[in-house]
Amino acid sequence: MTANRPMPEETGILEFLSVCSSVCSDDAVSQSTEAQRAQYDALCARFSPPIPAGLTFADAPIRTVPTRCYRPRHVTSETSLLYLHGGGFVVGSLESHHAICAEIADFAGAELVAVDYRLAPEHRWPAQTDDGFAVLSELASRGSRIVLIGDSAGGNLAAGLAMRAKQAGLSNIAGQVLIYPALGGDLTAGSYVEMSEAPGLTTADVAYYREILQAPQDDPVAAPLKSASVDGLPPAFITGAAFDPLRDDARQYAARLAQNGVEVWFREEPQMVHAWLRARHMSDGARAGFLTVCEAVRRFAAA
């Protein structure tokens, strides 16, 4: 760990980072894709508690895209939740975010569909957003109201799907919940400089993920911050982490939406790092942040 790396002070998140360092190397992106996925899977397994009692789930393709559908014991909303996982578009799966999805579905009292979208480098952009849009379109065709949810790379996909839904005239998106999203910000400015060596994710890592995905950074679906217009997008809850190069993407997008009349709630976690969702059962800050995410999902699902 470099001497000048910015670090939070909260005990719980420092313990989380220590566990992460024992499982994943800091230079994971310099390793083979297979090695990256093996380390990520091991890390996710380390932070995967039992799912809520009474909740059931089943795997089934939707328009050929692999998905997992979660149904809580008590369903109180007919709204569908659509979850896009993080992992830099390179790692992650239905297993990596299994407990996270289960807990969100249970709290919101709504069925949640997790999308196992295709990964880079085997599949370049727009395969990932196309998979998400195929599932979104099917849920919309069933008349479902939908809340889009995603963390990190999944936050990028969720925001892009909101753009695509607007372009396609789909009016049943109830809200979008973006958790430390990657939205196409300037790698040479703001938090990308200030937090370039932050624990959990560096600016060099972000550059690597952009390069491997090969998404056009002037396309609003790939880089929502570059959109010429955000008018008419669904309401949003956006949360960022203070110790994260992606911090300003969250700040700037929330401000942009608000300035253009889109209803938006913004929250920044002052002691959190990228991927703090996994620390929700060991860090007070992550626990509080996850509660606000779940409350936002439930609010959108109930509206």
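**Helices, loops and a pocket**

User: How many residues does helix H4 have, and how far does it reach?
Analyst: Helix H4 (residues 127-141) has 15 residues and reaches 21 Å from its first C-alpha to its last, close to the 21 Å expected at 1.5 Å a residue. The expected span is 1.5 Å times one less than the number of residues. Helices (H or I, at least four residues) and strands (E, at least two) are DSSP runs, numbered from the N terminus.

User: What sort of model is it, and how are residues numbered?
Analyst: It is a predicted model, in which local features need pLDDT of at least 70, side-chain atom pairs count only at pLDDT 80 or more, and totals for chains, interfaces and linings use all residues. Residues are numbered from 1 along each chain as its sequence is written, and side-chain values use heavy atoms, with hydrogens and water left out.

User: Back to H4. How many of its residues are buried?
Analyst: 13 of the 15 are buried, so H4 is largely enclosed by the rest of the structure. Buried means under 20% relative accessible area, exposed means over 50%, and partly exposed is in between (1.4 Å probe, protein chains only). Just after H4, Gly-143 takes a positive phi of about 85 degrees.

User: Which residues have a positive phi without being glycine?
Analyst: Phe-89, at about 70 degrees, and Gln-214, at about 60 degrees. Phe-89 lies in the loop between S3 and H3, while Gln-214 is in the loop between H7 and S7.

User: Are those two buried or exposed?
Analyst: Phe-89 is buried, with a relative accessible area of 8%. Gln-214 counts as partly exposed, at 48%.

User: New topic: H9. How long is it?
Analyst: H9 has 19 residues and spans 27 Å from first C-alpha to last, close to the 27 Å expected. At its start, a side-chain oxygen of Ser-283 reaches to within 3.3 Å of the backbone nitrogen of Gly-285. That is a polar contact: a pair of N or O atoms within 3.5 Å, where within protein one must be able to donate a hydrogen and the other to accept it, and residues adjacent in sequence count only if both atoms are side-chain atoms.

User: What covers the buried residues of H9?
Analyst: The cover includes helix H3 (98-108) and strands S3 (80-84), S5 (146-151), S6 (173-179), S7 (236-243) and S8 (264-273). Among the buried residues are Gly-285, Gly-289, Thr-292, Ala-296 and Phe-300.

User: What does Thr-292 do with its side chain?
Analyst: The side chain of Thr-292 reaches the backbone oxygen of Gly-289 at 2.6 Å. Thr-292 is buried at 14% relative accessible area. Leaving aside neighbours within four places in sequence, Thr-292 is in contact (heavy atoms within 4.5 Å) with Phe-237, Arg-267 and Glu-269.

User: What is 2.8 Å from the side chain of Ser-77?
Analyst: The backbone oxygen of Ala-301 lies that distance from a polar atom of the Ser-77 side chain. Ser-77 is in the loop between S2 and S3 and is buried at 10% relative accessibility. Not counting residues up to four places away in sequence, Ser-77 touches Gly-109, Ala-110, Ala-301 and Ala-302.

User: Where is Pro-199, and what does it touch?
Analyst: Pro-199 is in the loop between helix H6 (191-194) and helix H7 (203-213), and is buried at 2% relative accessibility. Beyond residues up to four places away, Pro-199 touches Arg-5, Pro-6, Met-7, Pro-8, Leu-17, Phe-243, Val-273 and His-274. Pro-199 and Leu-14 are 185 residues apart in sequence and 9.9 Å apart in space, C-alpha to C-alpha.

User: Last one: how much space is in the largest pocket, and what lines it?
Analyst: About 220 Å³ lies in the largest pocket. Of its 16 lining residues, the closest to the centre are Cys-69, Ser-80, Glu-111, Val-113 and Arg-142. Strands S1 (56-62) and S2 (65-71) each supply at least two residues of the lining.

User: What is a pocket here?
Analyst: On a 1 Å grid over the protein atoms alone, a pocket is an open set of points where a 1.4 Å probe fits, with protein on both sides within 12 Å along at least five of seven lines; lining residues have an atom within 4 Å of a point. The volume is the space filled by probe spheres set on the points, which are joined across faces, edges and corners.
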